[in-house]
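Please open the structure in a viewer and keep the selection tool at hand.

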Amino acid sequence: MSSASTAVTPSSLIRPEIQALHAYHVPPSTGFIKLDAMENPYLLPQTLRDELARLVADAAINRYPDAGAYDLKAHIRSVTKLPSGMDVLLGNGSDEIIQVLAMAVAKPGAVLLSVEPSFVMYKMIAAFTGMRYVGVPLTQDFSLDLQATLDAIKRERPALVFLAYPNNPTGNLFDAEAVKRIIEASPGLVVVDEAYYAFARDSFIPHLAHYDNLLVMRTFSKLGMAGLRLGFLAGSKAWLEQLEKLRLPYNVGVLPQLVASKLLQHHDVLLAQAASIKQERTRLMSVLSDIRGVKAYPSEANFILFRVAKATQIFEGLKQRGVLIKNLNGGHPALADCLRVTVGTPDEDAKFIAALQDSINQLA
Ligand SMILES: *Cc1c(COP(=O)(O)O)cnc(C)c1O
């Protein structure tokens, strides 16, 4: 029996800004050649998989994980070549770290600033945490519009700035000097999101000690551990000590800690896979660019953004032919007729190219 005179409903109780959101959409992918989510397409060598099996078999999953993740952090520190004095905070994916950062600074009226188009979770998490979101448009070729960004920083005084380096979904690496100007001009924290570091030629990790307001975030998702859910934030102890208070106590489980520690001891294996992916990216880029009617954008990540007429129909054509990529048409206006494809194995990419060519021909 309902006790109150008016029954509680989602629309009466849930915050209006949450009701206005669309949940992050993950389409079913069973049976598809999956090139939609920037995953590493390669399996691990059999010997390493056998080692992981033994580790998992012996894991104490009846116990809570090491809350400080001592071992895992030591491996991260070593593969990342973290400057001295810097520490790391671990997240259940780097998405969780974006949320921790936003929760920490979300005073009433506080602003989260990023550029557009970029990673959609920045804007979504601003809404989750009641922050005001400001998105500064990139230029036509997806470079930073430095003057517009500096003007917005002066006007809005953001508590938090996110720059994806390289950017998703555009794939380009912003000009490092422009990023430095933004860090210097920012009254709040600047987080350089290096989700694609393994595929790019530059990083801000070496600059951490030069800027008091700089933090660098990375994830292992794009390097072959998407299923583990593990990201980290690197920065000075003074910042991380505060942010640690918002991290839920056991956010990285026993199995992710064990498996990631083992894989980071074999970081060379993962980096060799990343090197193959970069080589294949170059090849895919040139094949894509040769297709009439396709404009492909240069990438320093493990995906390529491209523009093609009737993008949504092409996307559907690919799906009918068993290839799943990401349709960005209908989202941000700067991405009209844009599709994004993850670099797969040479075989997967050949199937993608054949399906793309067929779909284009069919619509011609
Ligand atoms: C994929 C991605 C992330 C999130 O990765 P997690 O899987 O949550 O670690 C963060 N930032 C950018 C720019 C990404 O593309």
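Rings of Phe, Tyr and Trp count as a pair if their centres lie within 6.5 Å. The model shown is predicted.

Begin with the aromatic rings: a search of the whole structure finds 8 aromatic pairs. Select F119 and Y122, whose rings are 5.5 Å apart, centre to centre, with 80 degrees between the planes, an edge-to-face pair. Both residues, F119 and Y122, are buried.

Next, select F220 and F232. This aromatic pair is tilted, with 5.7 Å between the centres and 40 degrees between the planes. F220 belongs to the loop between β7 (214–219) and β8 (231–236), whereas F232 is in strand β8, 12 residues apart. F220 and F232 are each buried.

Turn now to helices α11 (residues 267–289) and α13 (residues 346–363), whose axes come within 11 Å and cross at roughly 15 degrees. Because angles under 35 degrees count as roughly parallel, α11 is described as roughly parallel to α13. The crossing of α11 and α13 is right-handed. To display the contact, select E280, R283, L284, V287 and L288 of α11 together with P346, D349, F352, I353 and L356 of α13. The residues of this contact comprise 7 nonpolar, no polar and 3 charged.

Finally, select L55 in helix α3 (residues 46–58). Is L55 buried or partly exposed? Its relative accessibility is 24%, so L55 counts as partly exposed. Leaving aside residues up to four places away in sequence, L55 touches L258 and K262. The C-alpha atoms of L55 and I314 are 44 Å apart in space, and the two residues are 259 residues apart in sequence.

Terms used: Residues numbered from 1 in each chain as written. Predicted model: local features only at pLDDT ≥ 70, side-chain atom pairs only at ≥ 80, totals over all residues. Heavy atoms only, no water. Axes fitted to C-alpha atoms, helices over the stretch in contact; angles between N-to-C directions. Helix = DSSP H or I, 4+ residues; strand = E, 2+ residues; numbered from the N terminus. Parallel < 35°, antiparallel > 145°, perpendicular 65-115°, else oblique. Left-handed = near helix turned anticlockwise from the far one by under 90°. Contact = heavy atoms within 4.5 Å. Nonpolar A, V, L, I, M, F, W, Y, C, P; charged D, E, K, R; others polar. Buried < 20%, exposed > 50% of the residue type's maximum accessible area, 1.4 Å probe, protein only. Phe/Tyr/Trp six-rings, centres within 6.5 Å; stacked < 30°, edge-to-face > 60°.
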